[in-house]
Amino acid sequence: MTLLRIENLKKAFGDIHALRGVSLSVEKNEIYGFIGRNGAGKTTTLNILMSFLRKDAGRIIFAGEEIGFLDVAYKKKIGFVPDVPAFPPYLTGREILTFAADFLGIHENKREKVEEALAFSGLKDVRQKVGTYSRGMRQRLSIAQALLGDSQLLVMDEPTSALDPVGRREVLDLIKRLKEERTILYSTHILSDAESVADRIGLIDKGKILLESPMAEIKKTKDLTAYIVQTDLPVEELAEKLETEPFIKETKAEEDGLLCLLSGEGAEKRLLSRLSGLDLTVYKFVEKTPSLEDAFVEVLHENAR
Amino acid sequence: MKTLVKYDLYYFLKTPKWVIPLALAVFLSALSVLSARYMNTLLEYVLRSEGIEDVTLPPVTVMEAYRQYFTNHFQLFLLVALFLGVHLFTHDFSRHHTTFLFAKPLRTPHYLLSKSLVLMLALFVSLVVGFVVFACYTHFLFGEFALLPFIGAFFVFITAVILYVQVAQLFSVLFKQFLAPLLLTLVVFFLFSSFAMFDAGIFAFLPSQLFNIPLAIIEGDTALGEVLPPVVIALVLSIILFFASNEILKRRPLV
């Protein structure tokens with residue numbers, strides 16, 4: 001069942017067309033990875049979705065109903081997690097969540113729900129004011145306030161981008177724990193993060209959706225295979241010799257050899273044949289699952305062509 | 001709305017900001033009476049110590065205390081109130097709290113009204129405390145206090161505060177940063193202050209007269225027909241400015 005559908009969303013800032021007809025759909029109880037480079041249009045899309053910005057054209061349909069600008073009823077059903085959450089520094093986490101609950105009109109078992117959200121985010125025993133929180137703690141608090149009120153959709157705008165590795169891991173763990181329970185629209189430019197949590201991916205570039213596909217199929221769709229090749233030649237030299245081949249989309253030096261990203265039928269046989277034609281000894285020729293980043297780069301290359 | 005008011009009240013109560021208008025109101029109220037009562041005594045003392053004996057200063061009257069009270073409040077208290085107001089109106093935007101607030105089901109008029117109400121409440125409570133201090137000092141040092149005229153004059157001053165708070169709010173939602181709205185509000189403030197010297201023709205009806213009316217009320221030198229037009233126009237203008245602020249807020253990015 002589709003929970004959120006965005007149709008032909010357009011937004012321009014003067015002469016700059018930030019969104020050129022973005023359409024996407026988020027299914028109930030899935031984590032939708034909304035990926036793209038910086039400036040691709042992710043934050044603009046989410047800002048319009050949250051009524052922080054007016055759209056120029058397009059429709060937003062949530063649970064079958066079209067949403068207007070600053071729709072109060074709709075905002076009761078969604079939670080928002082920004083990239084760098086900011087809260088009044090003179091309040092405690094508990095006070096922030098109590099305000100969030102009050103804003104959402106939660107009266108029944110308010111205290112229990114606040115405590116539950118604090119416990120979920122690991123902030124139950126933190127008594128200090130938000131001004132003293134680390135970025136990771138603030139991001140966890142942000143997720144906690146977005147979870148209040150049993151929001152049907154969580155909109156997350158690059159929630160890990162400003163965090164250190166520990167904070168990033170903590171936030172990703174929280175998101176994984178929400179899998180199956182909530183529908184999440186998760187925007188990021190960190191592809192490994194999207195890969196670790198998302199069920200489906202929407203790739204945006206220059207204000208247009210280039211690809212929308214389930215995570216498991218995205219690499220198949222692009223007909224990509226990846227091989228690690230290790231020879232007696234230095235990696236850079238080997239890359240130079242192989243890069244001219246049309247079936248090799250990309251090469252990348254990795255710890256255990258040269259990663260060759262291949263495309264097209266029989267590409268691995270053609271790679272082997274090319275290697276045998278070179279004067280070298282092959283130590284390793286191992287297939288590797290292509291990453292989301294490989295698929296992402298391939299789609300962007302395709303689009304540029 | 002109730003939660004928004006509580007949220008904005010916390011801004012005053014959980015930070016030392018509530019002390020500023022309160023301390024200033026008490027200080028200015030006490031200072032007004034003390035300086036009115038003892039300024040001539042001090043001047044005479046200074047002049048005598050300089051060897052000037054034959055200077056006769058006019059006797060002090062209670063009117064001087066009222067004059068100093070309203071001059072100090074229009075010139076200092078209102079200015080500080082505008083600083084506080086612009087900070088209150090812009091800090092959610094400049095500190096990016098709006099992503100937390102406007103992700104929730106809030107209505108923009110409630111958001112603005114809450115800020116205006118809380119600021120006015122903080123200023124009003126401070127002024128009332130100052131009022132009591134002023135009344136006590138005046139009664140003690142001059143042996144009289146014109147309670148009813150002073151209450152009337154006090155509410156005319158409150159009308160001026162309401163108007164300038166709305167001017168500050170309008171510029172704050174327009175710029176969302178501290179400095180530009182503050183400067184523009186101050187420009188409007190000084191412009192209106194300069195209009196106060198004109199009281200003929202259309203100027204008699206303008207809110208700029210709010211600067212002159214309080215003293216005229218206490219002196220018994222004005223009729224209700226002269227007081228009402230600037231007060232009503234100021235209040236109507238405040239309402240118009242409030243709705244204009246709301247329209248601007250809805251049309252501009254909230255983050």
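# A walk through a two-chain predicted model

Among contacts in chain A between residues at least 6 apart in sequence, 69% join residues at least 24 apart, where contact means heavy atoms within 4.5 Å. This is a predicted model, in which local features need pLDDT of at least 70 and side-chain atom pairs count only at pLDDT 80 or more, while totals for chains, interfaces and linings use all residues. Residues are numbered from 1 along each chain as its sequence is written, chains are lettered from A and ligands numbered from 1 in the order in which they are written, and side-chain values use heavy atoms, with hydrogens and water left out.

The secondary structure of chain A comes to 11 helices and 14 strands; helices (H or I, at least four residues) and strands (E, at least two) are DSSP runs, numbered from the N terminus. Along the principal axes, the C-alpha atoms of chain A fill a box of roughly 75 × 45 × 35 Å. Of the 305 residues in chain A, 52% are buried, where buried means under 20% relative accessible area, exposed means over 50%, and partly exposed lies in between (1.4 Å probe, protein chains only).

Helix 4 of chain A, residues 110–120, gives a local view of burial, for its buried residues are Val114(A), Glu115(A), Ala117(A), Leu118(A) and Phe120(A). An α-helix has 3.6 residues a turn, so residues three or four places apart point the same way. What covers the buried residues of helix 4 of chain A includes helix 3 (93–103), helix 5 (135–147) and helix 6 (165–178) of chain A. Just after helix 4 of chain A, Gly122(A) takes a positive phi of about 75 degrees.

We can now turn to the nonpolar cores, each of which is a set of buried Ala, Val, Leu, Ile, Met, Phe, Trp, Tyr and Cys residues joined through side-chain atoms within 4.5 Å. The largest nonpolar core has 130 residues, of which Leu4(A), Leu49(A), Leu185(A), Tyr66(B) and Phe150(B) touch the most other members. Helix 3 of chain B (residues 62–94) gives the most to this core, with 17 residues. Leaving aside residues up to four places away in sequence, Leu49(A) touches Leu4(A), Ile6(A), Ile60(A), Tyr74(A), Ile78(A), Val155(A) and Leu185(A).

Where the two chains meet, 29 residues of chain B are in contact with 28 residues of chain A. The area buried between chain B and chain A is about 2600 Å², of which carbon and sulfur atoms give 71%; buried area is the accessible area (1.4 Å probe) that two parts lose on being put together, summed over both. Phe100(B), Lys104(B) and Pro105(B) supply 25% of the area that chain B buries against chain A, more than any other three residues.

Between chain B and chain A the count is 1 salt bridge, a salt bridge being a side-chain nitrogen of Lys or Arg within 4 Å of a carboxyl oxygen of Asp or Glu. The side chains of Lys14(B) and Glu95(A) meet in a salt bridge, at 2.4 Å from N to O. Helix 1 (2–13), helix 4 (98–101) and helix 9 (224–251) of chain B each supply at least two residues of the side of chain B that touches chain A, and helix 1 of chain B gives the most to that side, with 6 residues.

Side chains of opposite charge can pair when their charged atoms come close, and a search of the whole structure finds 20 salt bridges over all chains. In one of them, Asp102(A) pairs with Lys110(A), the closest N and O atoms being 2.7 Å apart; Asp102(A) is buried, with a relative accessible area of 15%, whereas Lys110(A), at 24% relative accessibility, counts as partly exposed. In chain B, the side chains of Asp92(B) and Lys115(B) meet in a salt bridge of 2.9 Å, N to O. This pair links distant parts of the chain, with Asp92(B) in helix 3 of chain B and Lys115(B) in helix 5 of chain B, 23 residues apart, and both Asp92(B) and Lys115(B) are buried. Salt bridges that share partners also join Arg5(A), Glu7(A), Arg59(A) and Glu66(A) into one network.

Helix 5 of chain B (residues 108–142) also holds Ala122(B), which is buried, with a relative accessible area of 18%. Ala122(B) and Ile20(B) are 102 residues apart in sequence and 9.8 Å apart in space, C-alpha to C-alpha.
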